[in-house]
Amino acid sequence: MTKAVSGFSKLSKDEKINWIANAHFSNPDEAVKTIKKYWNSDADLQKLHDEFIENTITNFYLPLGIAPNFLINGKNYTIPMAIEESSVVAAASKAAKFWSHRGGFKATVINSEKIGQVHFIYVGNKETLKQFINEIRPKFFSETESITKNMQKRGGGIIDIELRDKTADLENYYQLHATFETKDSMGANFINSCLEQFAKTLKDEAQKSPLLTEEEKNIQIVMSILSNYVPNCIVRAEVSCLVSELKEDKHISQEEFAEKFIRAVNIAEVEPFRAVTHNKGIMNGIDAVVLATGNDFRAVEAGVHAYASRNGRYSSLSHAKVENGVFTFWMEIPLALGTVGGLTNLHPLVKMSMEMLENPSAHELMQIVAVAGLAQNFAALRSLTTTGIQQGHMKMHLMNILNQFNANDAERKLVTKHFENHTVSHSAVVAYLEEIRK
């Protein structure tokens, strides 16, 4: 059992690595070699990475792939995707190519409001609290002017502040529920700074208010924090074409394909066990682009899955229909993204990804990310309802198995040729490799 370490954060990088190697690994020298193998040879670039987080010991690589041929609102995009899962980039690219010949993707930002809340405890008369908040409401705006000035110049700022009575859920619990527009910034720091000033104003003004009793003046601020649930920061992505244009698989008619595809979506709309996997496929595309562009995929995931449950049951994010002979597949999804601030101005590969996307605004990036998710979902459902998901996925996974067993070039050629006509599985690949090596 490893002993606790004291003052770890104060150790130098080498001291941290040596402690980890000796405390946790049977071969400390090999562990140190592996850690240092992933350092960048450019010392300044490595220093930049070291300072992104605390206690950095090395870099953890993810492949950065490219999905070309995305036609979105009449404009062609090459989309960067940072992800480790086999077949995601290939599937997105295939879907992009399919729809590029059928009018491409359409995307629209419906709204881009962000939300933050001051959570507080108040013991006293509810009507008095409402009157008090209405009286001091202008001060929430005036006392945050130094914070909001630059954001207002860009067309953003505080949209609204309202008192919410949550005492039915928790005794004496209230909120200041605020909405914000943060333009091209994701806006977390901006929102949190405003909220903390709201809390200070609330406390200070309560002490001076003649409306409140001594007990009522004792407002307890619990916390002031933005919400990653953004049901009013919505982007819609869709594709459509005549059912007759859906022909791509010789084993299934266009009409049957549309029918099976819609039924698969319908199942995800009513069955949570299927919906979770269905939406995970959407997030394969979304997270990969969010990561590549230096945005917070954890915040996006949390907000998206909350949105998928907004009607009281977890359900599909995407929908499909046929009307008047036209097949339509669409999705509306909450995405709070930024194109300035954070890693977007620091990480060299993030800057490259942004340039590859022609330096989009936050609204444009929302559209691109949503389309990547819809494309991924289309590709998965097309496979599931025709050939099955495993055929393509396991062929992509074949390279991972060969790498795991250190196959040489000659072995790779033989194995790849063999599995052109055989089902790929881990055990089958290992067995065939052993046969070759005998």
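This is a predicted model: local features need pLDDT of at least 70, side-chain atom pairs count only at pLDDT 80 or more; totals for chains, interfaces and linings use all residues.

Q: Sheet then. What's the strand order in the open sheet?
A: The order is β5-β6-β4-β7, four strands with antiparallel pairing. The edges are β5 (157–165) and β7 (220–227), each with a single partner strand, so one side of each has no neighbour in the sheet. From one strand to the next, the twist averages 15 degrees.

Q: And which helix packs on the sheet?
A: That's α7 (residues 188–208), which touches β4, β5, β6 and β7. Its direction makes about 160 degrees with that of β7.

Q: Back to the strands: how many bridges between β4 and β6?
A: Eight, joining β4 (residues 114–121) to β6 (residues 173–181) in the antiparallel sense. As for residues, Lys114 has Phe180 in β6 as its bridge partner.

Q: Switching to aromatics. How many aromatic pairs in the whole structure?
A: The search finds 19. One of them is Phe180 with Phe198, a stacked pair at 6.5 Å centre to centre with 15 degrees between the planes. Phe180 sits in strand β6 and Phe198 in helix α7, 18 residues apart.

Q: Is Phe180 buried or exposed?
A: Buried, at 0% relative accessibility. Phe198 is buried too, also at 0%.

Q: Why does the Phe257 and Phe378 pair count as edge-to-face?
A: Their planes are at 75 degrees, and over 60 counts as edge-to-face. The ring centres are 6.5 Å apart. This pair links helix α9 (residues 254–270), which holds Phe257, to helix α13 (residues 362–384), which holds Phe378, across 121 residues of chain. Phe257 is buried at 6% relative accessibility, and Phe378 is buried at 1%.

Q: Which residues form the aromatic cluster?
A: Phe98, Trp99, Phe257, Phe261, Phe327, Phe329 and Phe378.

Q: OK, and charges over rings: what sits over Phe98?
A: The charged end of Arg102, 3.7 Å from the ring centre. There's also Lys321, whose charged end sits over the ring of Trp330, 5.5 Å from its centre.

Q: Is Cys233 buried or exposed?
A: Buried, with a relative accessible area of 0%. Cys241 counts as buried as well, at 5%.

Definitions and conventions: Residues are numbered from 1 along each chain as its sequence is written. Side-chain values use heavy atoms; hydrogens and water are left out. Buried means under 20% relative accessible area, exposed over 50%, partly exposed in between (1.4 Å probe, protein chains only). Two strands pair if DSSP finds at least two bridges between them. Helices (H or I, at least four residues) and strands (E, at least two) are DSSP runs, numbered from the N terminus. Axes are lines fitted to C-alpha atoms, for helices over the stretch in contact, and angles run from 0 to 180 degrees between N-to-C directions. Contact means heavy atoms within 4.5 Å. Rings of Phe, Tyr and Trp (its six-membered ring) pair if their centres lie within 6.5 Å; planes under 30 degrees apart count as stacked, over 60 as edge-to-face and the rest as tilted. A charge sits over a ring if NZ of Lys or CZ of Arg is within 6 Å of the ring centre and within 35 degrees of the ring normal.
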